[in-house]
Amino acid sequence: MPTKHHLLCLTLLLALAGCADTPAPSTDETGINDPLETMNRRSFDNNHFLDRLLLRPLAELYRVTVPPPVRDRITGILANMNEPTIFANDVMQGEFGKAGTTFERLAINSTLGIGGMWDVATGWGMQKQTGDFGQTLASWGVGEGPYLMLPLVGPSDLRDAFGRGVDTA
């Protein structure tokens, strides 16, 4: 049975496929790696249109209807839900100290912070770590690849776009 994450990934992939084009080789004299410039420009235009038409009004509606304390709790829960991904990537990068801090943060904020609604761990001196699969691939020596403008997501490169997909899965 598909989850909402599967449906989101499928939607993003279909949107990206709809922007497919045979790109002309990049002749950019600035050295910017954008062999997919035609597709990227179309994707940027589509993103801009959707932002004005749909995303910005929804964000404003959310801001106006959901009180700041509730928005803060939602942000905390979502940040806490991202900690296992950061932990896994810290381990794969060989950053075991950071992985330990991330594990402690997850345990403390999930229990004392009631599912991450409050960030108790930062108050105890455990700073939030960063780590995604794009960074993991970079630490393994994978190059960034060409510039990409992803539908609904925004600018990226091939390595980080793939990494974002792995992190989402």
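Biologist: Is Leu-53 buried or exposed?

Modeller: Residues are sorted by relative accessible area, where buried means under 20%, exposed over 50% and partly exposed in between, with a 1.4 Å probe and protein chains only. Leu-53 is exposed, because its relative accessible area is 55%, and its place is in helix H2, residues 37–65. This is a predicted model, in which local features need pLDDT of at least 70 and side-chain atom pairs count only at pLDDT 80 or more, while totals for chains, interfaces and linings use all residues. Residues are numbered from 1 along each chain as its sequence is written, and side-chain values use heavy atoms, with hydrogens and water left out.

Biologist: Where does Leu-152 sit in the hairpin of E1 and E2?

Modeller: Helices (H or I, at least four residues) and strands (E, at least two) are DSSP runs numbered from the N terminus, and two strands pair if DSSP finds at least two bridges between them. Strand E1 (residues 147–150) and strand E2 (residues 154–157) run antiparallel and are joined by four bridges, with Tyr-147 opposite Asp-157 in E2. The hairpin has three residues between the strands, and Leu-152 takes a positive phi near 65 degrees there.

Biologist: How many salt bridges does the structure hold?

Modeller: Side chains of opposite charge can pair when their charged atoms come close. A salt bridge is counted when a side-chain nitrogen of Lys or Arg is within 4 Å of a carboxyl oxygen of Asp or Glu, and the structure holds seven of them. One of them joins Asp-51 and Arg-56 at 2.8 Å, N to O; Asp-51 is partly exposed at 23%, as is Arg-56 at 48%.

Biologist: How far apart in helix H2 do Arg-63 and Glu-60 lie?

Modeller: An α-helix has 3.6 residues a turn, so residues three or four places apart point the same way. Arg-63 and Glu-60 are three residues apart, about one turn of H2, and the closest N and O atoms of their salt bridge are 2.9 Å apart.

Biologist: Which residue forms a salt bridge with Glu-83?

Modeller: Lys-128 does, with the closest N and O atoms 3.3 Å apart. The pair links distant parts of the chain, since Glu-83 is in helix H3 and Lys-128 is in the loop between H5 and helix H6 (133–139), 45 residues apart. Glu-83 is buried at 1%, whereas Lys-128 is partly exposed at 38%. Both belong to a network of salt bridges that also links Arg-105 and Asp-119.

Biologist: Which helices do the buried residues of H4 pack against?

Modeller: They pack against helix H3 (68–92) and helix H5 (120–123). Among the buried residues of H4 are Arg-105 and Thr-102, the latter with a relative accessible area of 0%. Contact means heavy atoms within 4.5 Å; leaving aside neighbours within four places in sequence, Thr-102 is in contact with Glu-83, Ile-86, Phe-87, Asp-90 and Gln-129.
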